[in-house]
Amino acid sequence: MASILKRNKLQVWRDVIFALFIREIRTGFNDKFGISWAIINPLSFIFALSYIRGLIEGGETHGMPTFVFMVHGMVLVQLFLTLMESTSTSLNKNKSLFAFRQVQPISAYLATALFEILVKLFVVFVLIVLMYFLNIDIRGDNLLILISCFFLLAVIACSVGIVFSMIQGFIPEFGRIRTVFTRPLFFISAVFFSLQDFGPEVWPYLNWNPILQAIELSRQAAYSNYGAVAVSFKYLCAMAVLSVFVALSVYTISWKQVISR
């Protein structure tokens, strides 16, 4: 006689997230390039930008290898942009599944975020292996701050993506506007330049950006002689807490109206 497996709410939620995570893997790597494109894309940008920056300052930028300088910038800015983009489109992509009572948008957000974070961690691993074979000095003078910057920025990106997906649920045209607004982030987040390249009078106009804060703090955590200026780890933590609070508030108020539209 077959036995009936009883699961509590937490187990059901865990199983739903896992099923959505497997779905993300299948849809994310269903083309010929698969995960290789997730590595080739940032790597090509890092090599190109390192070459251009190397023409300006040579092999070192503010006390750290130029290649490593670009790795920190590219990995973190792409972490923010891809995670925010994936989370904000997750609601529409999985909308048909919300007809099942067990599946709620928050599960789709978590599965998407987990998938994107694991992909980026794999990219970081490949970059570290590549730097080892290129005989590039690999340092992590403050690993705790370095890892914290990565995950705090991921939390902010996911939170912003949830808010954007809720807005897009009411205003479908917001998706096009979002792309236009987020494109300049690549140029104002200290990916190619550091705050040290600008005068103090410019810092207040740029250092409000949490992506810039995470990039500069991670460079400082990797190379203690980097000399990051006008950035604060407390500010980055405060932005992460504030963004989570806003995202969860917006989600709690509006998720039922959004999926019923």
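Hi everyone, let me start with one term: a residue is buried when its relative accessible area is under 20%, exposed when that area is over 50%, and partly exposed in between, using a 1.4 Å probe and protein chains only. What we have here is a predicted model, where local features need pLDDT of at least 70, side-chain atom pairs count only at pLDDT 80 or more, and totals for chains, interfaces and linings use all residues. Residues are numbered from 1 along each chain as its sequence is written, and side-chain values use heavy atoms, leaving out hydrogens and water.

Let's begin with two helices, α1 and α4. Helices here are DSSP runs of H or I with at least four residues, strands are E runs of at least two, and both are numbered from the N terminus. Helix α1 covers residues 9-28 and helix α4 covers residues 105-133; their axes come within 8 Å and cross at roughly 50 degrees. Those axes are lines fitted to C-alpha atoms, for helices over the stretch in contact, and the angles run from 0 to 180 degrees between N-to-C directions. Angles under 35 degrees count as roughly parallel, over 145 as roughly antiparallel, 65 to 115 as roughly perpendicular, and the rest as oblique. α1 and α4 are therefore oblique to each other.

Who makes that contact? From α1 we have W13, V16, I17, L20, F21, E24, I25 and G28, and from α4 we have I106, S107, A108, L110, A111, T112, L114, F115 and L118. Contact means heavy atoms within 4.5 Å. These residues divide into 13 nonpolar, three polar and one charged. For the classes, Ala, Val, Leu, Ile, Met, Phe, Trp, Tyr, Cys and Pro are nonpolar, Asp, Glu, Lys and Arg are charged, and the others, Gly among them, are polar.

Now zoom in on S107, in helix α4. Is S107 buried or exposed? S107 is buried, with a relative accessible area of 0%. Not counting residues up to four places away in sequence, S107 touches W13, V16, I17 and L20. With W13 there is also a side-chain to side-chain polar contact at 2.8 Å. A polar contact is a pair of N or O atoms within 3.5 Å; within protein, one must be able to donate a hydrogen and the other to accept it, and residues adjacent in sequence count only if both atoms are side-chain atoms.

A111 is also placed in α4, and at 0% relative accessibility A111 counts as buried. Setting aside neighbours within four places in sequence, A111 is in contact with I17, L20, F21 and E24.

On to helix α3. α3 and α4 pack at an angle of about 160 degrees, with their axes 9 Å apart. That makes α3 roughly antiparallel to α4. By class, this contact has 16 nonpolar, six polar and two charged residues.

Helix α3 (residues 66-93) also packs with helix α5 (residues 143-170), at an angle of about 30 degrees and with axes 7 Å apart. α3 and α5 are therefore roughly parallel to each other. Their contact has 18 nonpolar, seven polar and no charged residues.

One last stop: F69, which lies in α3. F69 is buried, with a relative accessible area of 0%. Leaving aside neighbours within four places in sequence, its contacts include R53, H62, F192 and Y226. The C-alpha atoms of F69 and I46, 23 residues apart along the chain, are separated by 9.3 Å.
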